[in-house]
Amino acid sequence: MTRTSESALPNDPPPIPTGPFGTEFVETMTTATWVDGTWSDPETVPTGPISLHPAAHSLHYASACFEGLKAHRGSDGEIRIFRLDRHVERMRQSARTLMLPVPPSDMMAEMIRTVVRDSRSEIPAAPGSLYLRPTLFGTEPNIGAAAAPSREALLYVLGSPVGDYFQGGIRPLKIAIETERPRTTPQFGMVKSGANYAMALGVTQEAKRTLGIDQVLFAPGGDVTETGASNFVLIDDERIVTKGLDESFLHGITRDSVLRIGEELGYRVEERDLDVAEILGWRGEAALTGTAAILAGVGWFVYHGESHPVGDGSVGANTLRLRKALTDLQIGERPDRNGWNELV
Ligand code: PLP
């Protein structure tokens, strides 16, 4: 665990973690099991190893999905969970697609709130936050069930105090454009399942090694979709442009939030297809949106081995403006007109 300071007062929020994103955890997590159609009452247990049968369905047949959302500590000391209902709904959608039991919304939301309540003192102040990772997977010990859903499952909610996702804070990212290989299969684009990330991993690692980039933007056949862990937007002084929702990519909740805030700030939102020629020729800014990435500016595209700067290669003023509006809303410093924050 790496911390910026060792000497916090008892009622002070803890320092923002400076180690890799997602490697520090709060003391307790919530769990619920599902067996033959029935959910157990959720429990709070110490965060730690879980016991799994080696034949567990998810280890063999990838029956697993997860969510990623955040709770923020405001300057007023209040803790707010951002867009809890949307994350619960997306997890239910992922579970349905993977033939896993669909957790009741109320039960799952309460499991998330419980982790936030119990770890209040472990949540750093902004720009740090508590990243929450609800996870659901098939646990039935049955290696013969390749073509059958798991009849047992575990749902847990893990909490991780976090700082910046991209090491180095706000800096322009270098993004490779991949037009040959998709991130995942089209029918799984909307699902937040580990298998999708496994499919993108080899492509991303190869591009990191050979091109020194931060992320890969998947544009199969020239159709610009998303990166391995965030959505993609073009921005200029008047517009925010991003691919319209279809089943091929994850419907990011940050994407939706940035578009709605952008409209409030007077930007015109265009949700439509984007091709590689358009993004390489764009005269404004480009950015990635995601719970972890927030709104991260793109400085360069790398396409067919050649570097193309985006604007002057720095994080643009519109990107910073939208990012600040979003983070201000999350910490209670911008009016929450849509009721996105839930106070815990
Ligand atoms: N696309 C992918 C593949 C992701 O993993 C994420 C991150 O969660 C996103 C997009 C952005 O989604 P959200 O804004 O809901 O975090």
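In the predicted model, a polar side-chain atom of K192 is placed 2.7 Å from an oxygen atom of the ligand, a polar contact being a pair of N or O atoms within 3.5 Å. For Y197, an N or O atom of the side chain is 2.4 Å from a ligand oxygen atom, and for T254 the distance from a polar side-chain atom to a ligand oxygen atom is 2.6 Å. The ligand taken alone exposes 390 Å², of which the protein buries 96%; accessible areas come from the Shrake-Rupley method with a 1.4 Å probe. The ligand is surrounded by 17 residues, with Y197, E226, I253, T254 and T291 the closest; a residue is counted if one of its heavy atoms lies within 4 Å of the ligand.

The model is predicted, with local features requiring pLDDT of at least 70 and side-chain atom pairs pLDDT 80 or more, whereas totals for chains, interfaces and linings use all residues. Residues are numbered from 1 along each chain as its sequence is written, and side-chain values use heavy atoms, without hydrogens and water.

T254 also belongs to the contact between helices α5 and α7. The axes of α5 (residues 253-264) and α7 (residues 317-330) come within 10 Å and cross at roughly 105°; axes are lines fitted to C-alpha atoms over the stretch in contact, with angles from 0 to 180 degrees between N-to-C directions. Helices (H or I, at least four residues) and strands (E, at least two) are DSSP runs numbered from the N terminus. The two helices are therefore roughly perpendicular, a label for angles of 65 to 115 degrees. T254, S257, V258, I261 and G262 of α5 meet L322, A325, L326 and L329 of α7, contact meaning heavy atoms within 4.5 Å. These residues comprise 6 nonpolar, 3 polar and no charged; Ala, Val, Leu, Ile, Met, Phe, Trp, Tyr, Cys and Pro count as nonpolar, Asp, Glu, Lys and Arg as charged, and the others, including Gly, as polar.

Most residues other than glycine have a negative phi, and most peptide bonds are trans. A126 and P127 are joined by a cis peptide bond with omega about 10°, and P127 lies in the loop between α3 (105-118) and β7 (129-138). I294, in strand β15 (residues 294-303), has a positive phi, near 60°.

Notes
Parallel < 35°, antiparallel > 145°, perpendicular 65-115°, else oblique. Polar contact = N/O pair within 3.5 Å; in protein donor to acceptor, adjacent residues only side chain to side chain.
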